Amino acid sequence: MSTQHKSLRLHEIDAKDVHADITLFLDNCFKRNTEIYEQYQQSWPPPEIEKLAEYSGNLFIVASTAFKYITSSNGLCVHRFQQFIQRSSDLKSKGIDTLYHGILAEAFKDLEDDEATLVHSGLSLLITAQKPLSVHDYGALLGTTVQNVRGAFNALHSVVQIPEDGKNDATISIFHASFFDYITSEMLRAQRWAVIVSIAHSSTAEACFRIMESLLRFGVSGAQTSYKSNDDQPTPLSISSELAYACTAWGEHVIYAGVNDHWQSKLRGFVSGPMVLYWLEALSVVRNVQYAYAILWRLSKILGPTELGILLSDVGDFAHNFQTPISHSVPHLYLSALPCYSAIKKPNQALFPEFTGVPKLHHRPLGGRHVLTVNGGHSTYSVAFSPDSKYFASGDGDYVVRIFNAQTGQMVVGPFKGHTGCVTSVAFSPDGKKIASGSLDKTVRVWDAQTAQPALEPLTGHTDKVNSVGFSPDGRYVVSGSDDETVRVWDAQTGQPAFDLSAIQTDAVKSVGFSPNGRYIIFGSADNTVQVWDTQTCQSALDPFTGHTDMVRSVAFSPDGRKIVSGSYDHTIRVWDAQTGLPVSDPFTGHTDCVWSVAFSPDGSHIVSGSFDGTVQVWDAQTGQPALDTFTGHTSWVYSVAFSPNGRHVISGSHDETIRVWDLQTSQAASDSGRGHTGAVNSVSFSPDGRYIVSGSYDKTVGVWDAQTGQPALDPYTGHSGSVQSVVFSPDGRHIVSGSGDHTIQVWDVQTGQVVLDPFRGHGHGVTSVAISPDGRQIVSGSFDKTVRVWDARTGKPALDPFTGHTRSVCSVAFSSDGWHIVSGSADKTARVWDVQTGQPTLGPFKGHSDWVRSVVFSPDGKHVASGSDDKTIQVWDTQTGQVAVGPFSGHTEFVLSESVAFSPDGRYILSGSEDRTVRVWNVQTGKAAFDPFVGHTDDIKSVVFSPDGSCVASGSRDKTVRVWKLPQALGARESQEHGFLHEYPFGCVTVGDDGWLRNTDGDLLMWIPPSWNPGLYRCGVQQIIGKVATTKIELRDAVCHGEQWLRCQESPSLDPTVEGILWPISCPQVLI
């Protein structure tokens, strides 16, 4: 059975059939009119019906409108019936416009001026309304009663659909679009009923503002508590229908009216005062906060880079960036969005009214050009900005595409699921409505950027991985390049092949793109060349561009189409003349590894490049010299870079699982180099007096930090040529011992940061762990070479022959508290105890773990050894018997890593850290968790340690930070009675979700922060965050307006001094011991 359908056009039907149908239609209609039917009952049908059908031609709308006019309630039907036929010869020659003219002329006949004005206003609103409005809404917008609205439209029943009496919530509408065309025609300007569209929109806009000014107020939403979402409020939220319309339509009316001086003045007052916030409240109620930023951005674009245009853009950005709290729980417009905005607001940005009794945020940005990091969780192979620079998309190693807010880093759309391999390339369509993606699964996909749903079926045809995709400038085509040595062009509407480029002869195609005029396609390939092809001839436009000495990984046209840039595995960037194919300058050199991605700035003056050397570089496109200092921060290969279309930012995606945004316009100084490590923190340790913390990092440095302030005590210690795997203070606190992947151990003077001995050499592979004896006279080390070594701490010489016995890498070593024994843990799944004097095993091997033993430590009394393993458990062993005394401790969901097990000073608790990113405290006697895990690190936890007094713990992580956590009073820590900041509360009082919401143990909504701030948030129990991360502290001293008292945030604190402020509803979590 055929599924094809043929379009049916009325004018193609036989005229006799149409005439018969219209005659039947009129016959049935007039039969139902009692007055006419009784007049002509004896000779039905009257000849007038035949004449009316004849004069209607083949237009049902003429017949229908004529019937409605004749039978409308404000006239004598029989008289109109007869009169209409007598003058219908004009209708036959001039069409429906004449019919409309007659209807409106009669409607306006004999009206007083004020009556005519009301009818005209009603018509103007009917024409301009952005959606059908009810009788009630017409009355509100026109400033009159519903009775007057009905009276105004009474004579227009034949062209306007009016609800029955009493149904004032039903909508008014026109019967046919031709009425709109007629009444707005330029030829009608002399008629009383003519509607000039721009003037009508201006009137409707004025009506919208009149309603908003009358009804908008603080608390307009009706929300009763800040602890609940909009949906969970005690009473459902609602606003009047006329206010809902005014709030969601005024912008279009202003735009269509023309943003003249009057409206610019009106807009300036609107966004500069409190009413804009009340407007956002109302939009939250009607679930349309996105209208705020969409319309403000549209208006800003119309006004351009003027003061008002920038102000509108700023307010739109505010609504956009804080859409989550405003939409989810409207009180948090004031309790969360505004405090967050105040914490990051720049001096020249929009200023909002201040509110009292709300949290105060102390946000410390990174400083320098790095303004945002998004942790994707997987390698990011491709990044692209949206055309308006407000969003960016990523293609990731987990086979998905995501869209993020470019200012906050919050994912706003996605993930886009469908690919079955890594997503290697993403591109926005020129209008931002679609995204194209290419994948290792050999397919190209086109997605709806709003819904994350496929816009087309997968585009199949490539026989190997797709490396690159791009849209044509007009959005009609998608180009793709593949390792199958082909370039394909697809119709973006149908998904079908658009051009035959089978004549291309090349190697694997690594990068493709269109020229700005859409005629040419450029591609770079593994044959070391760049090629340009003409889509009109499907032939090469020029000979291949030669010069690179290794594969070309990335190519792009300049915005004017006159130049081409290419990046290559040969570590260079080249710029070519697009007309001749010749180089326009010497190669740009500076990268020390493959150049994986290149792009021109929107004005063509600069080029950005990303490299496997982990850096991003911005170059002067004319000179080939670096235009800015190298952007460093990525810890692995940079796969993709792009300029924002507004030229203000660069984005980079990396194998290190992060996306970074860089500010090209900031003059802010870079952050202090001593503020944190640039690589994973592998090891942390407290000084004996607890004043300092030492850290060893993958960045090859040793850091020493003030434990109270988190500030560097000294510049980083440099000297190791490999990752610093382990660090420890000497018992007198004067020295630090470090072990490194460079196979050496070093001893440093704490005060000077200088080494006091030559490096200890002897291990055949990297040093994994070091420890110092309680008397400070010996140092023990473990290594990937399977041995344990003991060294004289004063000379750096071996004190004994290597301890052998382990059959795989030694991951961890530790001294007993009396200094007589050493314990070691190994990848051979065992732990061993050795005699320090003889180097012989005294006990073991301890067997019980089913995977690597990563971490070992003696209890303070020496009676037990704790071990942590890749089997995700901790075991406690009796050092007298070698048997398991307690355990296994189960709870971690990933490996327990090296240096990630520690005893508390009193021996009652064990601390552990894991690849699951949690720190846990266990009761030694029971093997049970003492309380809920500490969360906050964003990557594997590599090392944990108790402070000497047991009041806090420190952790080091692959996320490059050191964190200091305050322990609950139940574990012996001193508890402060005053909690001026969130982090001064015990850990676990407040949870922070991935969605940015802070909740107490009852699940109440306390506050929202941008999720990108989570890594640097001082949560409950966090004393310090040491690292190159933006940090946020939440001050609660004045945060007394919350819950049912949230509406008091508008009041001055001095207005009612008798009302005592109530602190956040925070209760301490249950201790499980």
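Visitor: Where is Ser904 found?
Guide: Happy to show you, keeping in mind that this is a predicted model. Strand S48 covers 896–903 and strand S49 covers 909–914. Ser904 is found in the loop between S48 and S49.

Visitor: Is Ser904 buried or exposed?
Guide: The relative accessible area of Ser904 is 4%. Buried means under 20%, so Ser904 is buried.

Visitor: Which residues is Ser904 in contact with, leaving aside its neighbours within four places in sequence?
Guide: Contact here takes heavy atoms within 4.5 Å. With those sequence neighbours set aside, the partners of Ser904 are Pro860, Tyr909 and Phe946.

Visitor: Which residue has its backbone nitrogen 3.2 Å from a polar atom of the Ser904 side chain?
Guide: A polar contact needs N or O atoms within 3.5 Å. At 3.2 Å from a polar atom of the Ser904 side chain lies the backbone nitrogen of Arg908.

Visitor: Moving on to S28, which residue stands opposite Ser652 in S29?
Guide: S28 spans residues 649–654, and strand S29 spans residues 658–663. These two pair in the antiparallel sense over five bridges.

Visitor: Which residue takes a positive phi in the hairpin of S28 and S29?
Guide: That hairpin has three residues between the strands. The positive phi there is near 70°, and the residue that takes it is Glu657.

How values were computed. Residues numbered from 1 in each chain as written. Predicted model: local features only at pLDDT ≥ 70, side-chain atom pairs only at ≥ 80, totals over all residues. Heavy atoms only, no water. Buried < 20%, exposed > 50% of the residue type's maximum accessible area, 1.4 Å probe, protein only. Helix = DSSP H or I, 4+ residues; strand = E, 2+ residues; numbered from the N terminus. Pairing = 2+ DSSP bridges. Polar contact = N/O pair within 3.5 Å; in protein donor to acceptor, adjacent residues only side chain to side chain.
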